[in-house]
Amino acid sequence: MKTELLTSKDIQHAGGLLKAGEVVAFPTETVYGLGADATNELAVKKVFTAKGRPADNPLIMTVADVQQLDAFVVISEAAQHLMAVFWPGSLTIILPTKPGKVSMIVTGGLQTVAFRLPDNDVARAVIRAAGVPIVGPSANTSGKPSPTTAQHVWHDMNGKIAAIIDDGPTQIGVESTVVDMSSKVPTILRPGAVTQQQLQDTLGVTVIDATSTKSVASDVIPKAPGMKYRHYAPDKKVIMFDRLDALDLKRILQSNDVVMAQDTTIAVMQLSLEQSWSLGETLENATEQLFAGLRFYDDEEQITTIYVEKMSPIGIGKAFNNRLAKSAGNQEFSI
Ligand code: TXA
Ligand code: MG
């Protein structure tokens, strides 16, 4: 298949491809997604094939407005409240499905479905042009870091999907927060830009953070996304480190090793441009750069190990550390 590269001006064309059951990669504020008509099972199957995704890992449905949800799910008052406060934005909400309304191929056989309304004009315009909700998993090959540029998507999906809409680099850089509102107690299944504190403040109740970087046995139904499969991992060895250990790390660094760290840490370690990837100065900069750096070094043949600095676990730093721990298979530098 020849993959077309589209711009944000090609909305109608992209909508037409989606209507015709084709797969189109689209931008969001978090990472790029792989879109297909969520009501067309053949189209949805193409997404699993393009990603190489296991069939029991459910897909998110991406909508352009709240009305698009009505046909598929029952929306509780609490869920409505979250939508009013955080949508459009980086929060994916899991709700119980109306019986028989959502394809089992989308839900992976679960009785719940995840919804997201992205904070990106192009994404919403494309969904409107398609006239249906679209599934929207991250547009990477299953197991690889999520794509934050159209070039990353091209790297993984060229020849496998109909088109990619280039809208420049994404702003946030890690996937949305996933909150399960189908359980008795609201539960975070994946940390993202919307934090546990923000959710608690909005709902006025305790929100559980079930985030776990440990794998579980593969015959258990996954409660938290990414618990079951190795995620976000490049082929190169990734090791996380604490900034307090920066000078010890510097001492053992080989010429084939590289370091991804904040500017102050790079300065302390006196690393060359060739041996370092700047994670900027803020938690937001770092999060935006994480997957781009991992993808860059993954393609550099001579590199053997990528050391990545852990962030303070506040705000979006929690999401950064979660994705980093998964990429590193929890491996940490110690002396
Ligand atoms: O920011 C994002 O959410 C991006 C952009 C493209 O929208 N999308 C994304 O989709 O990250 P995906 O499929 O890569 O991640 C969705 C996660 C998966 O780990 C999946 O297991 C989980 O959400 N998930 C989907 N439906 C679920 C459900 N009904 N119950 C529990 N987990 C669910
Ligand atoms: Mg993903």
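Reader: So two residues are in contact if their C-beta atoms, placed from the backbone, lie within 7 Å. Which residues of helix 10 meet helix 11, then?

Author: On the helix 10 side they are Leu283, Ala286, Thr287, Leu290 and Leu294. Their counterparts in helix 11 are Gly317, Ala319, Phe320, Arg323, Leu324 and Ser327. Helices (H or I, at least four residues) and strands (E, at least two) are DSSP runs, numbered from the N terminus.

Reader: Where does the model come from, and how are things numbered?

Author: It's a predicted model, where local features need pLDDT of at least 70 and side-chain atom pairs pLDDT 80 or more, while totals for chains, interfaces and linings use all residues. Residues count from 1 along each chain as its sequence is written, with chains lettered from A and ligands numbered from 1 in the order written.

Reader: Ok, back to that helix pair. At what angle do helix 10 and helix 11 pack?

Author: About 20 degrees, for helix 10 (residues 283–298) against helix 11 (residues 317–327), and their axes are 9 Å apart. Axes here are lines fitted to C-alpha atoms, for helices over the stretch in contact, and angles run from 0 to 180 degrees between N-to-C directions.

Reader: Let me zoom out. How many helices and strands does the chain have?

Author: There are 11 helices and 15 strands. Along the principal axes, the C-alpha atoms of the chain fill a box of roughly 60 × 50 × 35 Å.

Reader: And in what order do the 11 strands of the open sheet run?

Author: Reading across, 1-8-2-3-7-4-6-5-9-10-11, and the pairing is mixed. Two strands pair if DSSP finds at least two bridges between them.

Reader: Which strands are at the edges there?

Author: Strand 1 (4–7) and strand 11 (208–209). Each has a single partner strand, so one side of each has no neighbour in the sheet.

Reader: Are strand 9 and strand 10 parallel or antiparallel?

Author: Antiparallel: strand 9 (residues 177–180) and strand 10 (residues 187–190) pair over three bridges. Asp180, for instance, has Thr187 in strand 10 as its bridge partner.

Reader: What does helix 1 lie across?

Author: Five strands, listed as strand 1, strand 2 (24–26), strand 3 (33–37), strand 7 (134–135) and strand 8 (163–166). Helix 1 runs at about 60 degrees to strand 3. Helix 5 packs on the sheet too, touching strand 2, strand 3, strand 4 (60–62), strand 7 and strand 8. The direction of helix 5 makes about 145 degrees with that of strand 2.

Reader: How do the axes of helix 1 and helix 5 cross?

Author: At roughly 50 degrees, with the axes of helix 1 (residues 11–19) and helix 5 (residues 121–130) coming within 8 Å. Ile11, Gln12, Ala14, Gly15, Leu18 and Lys19 of helix 1 meet Ala125, Val126, Ala129 and Ala130 of helix 5.

Reader: What about the open sheet with four strands?

Author: Its order is 12-15-13-14, with parallel pairing. Strand 12 (237–241) and strand 14 (276–278) are at the edges with a single partner strand each, so one side of each lacks a neighbour in the sheet. On average, neighbouring strands of this sheet are turned by 20 degrees against each other, direction ignored.

Reader: How many bridges join strand 12 and strand 15?

Author: Five, in the parallel sense, and strand 15 covers residues 305–309. One bridge there links Val238 to Ile306 in strand 15.
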